[in-house]
Amino acid sequence: MAKMGDTARTSLKCILEAVLLAAGDLAGAKEVAAHVLARRPNAGTKCVLAAIHAQSGAADEARRILRELEAQATQGMHIPFARIAWSYGMLGDFDAARRW
């Protein structure tokens, strides 16, 4: 059997963090997101982390992450627009979600 590469492993972990979040396992989702960010920082996982913070009541931390991502977008970095809109939706900020 072929060995799974880092990119494939990271992709599976990104799916896992979203599944755990949807299942309500905020601690598990946060743990997986932190692991992914430590090994391979990426905007998609940062969006999921913002959503995790939003769901766990840490709205200020979620907004801080989203502001950081918005700043990176203005500098030309690719930001997954659907995920950032979803993260704003998790905060209940539907106007910001619609902007994305």
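The side chains of Arg 98 and Asp 95 come together in a salt bridge, with 3.0 Å from N to O, in a model that is predicted. Both residues belong to helix H6, where they stand 3 residues apart, or about one turn of the helix. Arg 98 has a relative accessibility of 61% and therefore counts as exposed, and Asp 95, with a relative accessible area of 54%, is exposed as well.

## Other charged pairs

Side chains of opposite charge can pair when their charged atoms come close. The structure holds 5 salt bridges, and one of them joins Arg 99 to Glu 70, whose closest N and O atoms are 4.0 Å apart. This pair links distant parts of the chain, since Arg 99 is in helix H6 and Glu 70 is in helix H4, 29 residues apart. Arg 99 is exposed at 59% relative accessibility, whereas Glu 70, at 22%, counts as partly exposed. The C-alpha atom of Arg 99 is also separated by 7.7 Å from that of Ala 85, a residue 14 places away along the chain.

Within helix H4 (residues 59-74), Glu 68 and Arg 64 lie 4 residues apart, about one turn of the helix, and they form a salt bridge with closest N and O atoms 3.2 Å apart. Glu 68 counts as partly exposed at 29% relative accessibility, and so does Arg 64 at 37%.

## Helices H3 and H5

Two packed helices are described by the angle between their axes and the distance between the axes. The axes of helix H3 (residues 43-55) and H5 come within 8 Å and cross at roughly 5°; because angles under 35 degrees count as roughly parallel, H3 and H5 are described as roughly parallel to each other. By class, their contact has 9 nonpolar, 4 polar and 1 charged residues.

Ser 87, which is placed in helix H5 (residues 81-91), is among the H5 residues that meet H3. Its relative accessibility is 0%, so Ser 87 counts as buried. Leaving aside residues up to four places away in sequence, Ser 87 touches Cys 47, Val 48, Ala 50, Ala 51 and Leu 66.

## The chain as a whole

The protein chain has 6 helices and 0 strands, and of its 100 residues 35% count as buried. Its accessible surface comes to about 5900 Å², of which 58% belongs to carbon and sulfur atoms. Among contacts between residues at least 6 apart in sequence, 47% join residues at least 24 apart.

Conventions:
Residues are numbered from 1 along each chain as its sequence is written. This is a predicted model: local features need pLDDT of at least 70, side-chain atom pairs count only at pLDDT 80 or more; totals for chains, interfaces and linings use all residues. Side-chain values use heavy atoms; hydrogens and water are left out. Helices (H or I, at least four residues) and strands (E, at least two) are DSSP runs, numbered from the N terminus. Buried means under 20% relative accessible area, exposed over 50%, partly exposed in between (1.4 Å probe, protein chains only). Contact means heavy atoms within 4.5 Å. Accessible areas come from the Shrake-Rupley method with a 1.4 Å probe; for residues, only the protein chains shown count as cover. Axes are lines fitted to C-alpha atoms, for helices over the stretch in contact, and angles run from 0 to 180 degrees between N-to-C directions. Angles under 35 degrees count as roughly parallel, over 145 as roughly antiparallel, 65 to 115 as roughly perpendicular and the rest as oblique. Ala, Val, Leu, Ile, Met, Phe, Trp, Tyr, Cys and Pro count as nonpolar, Asp, Glu, Lys and Arg as charged, and the others, Gly among them, as polar.
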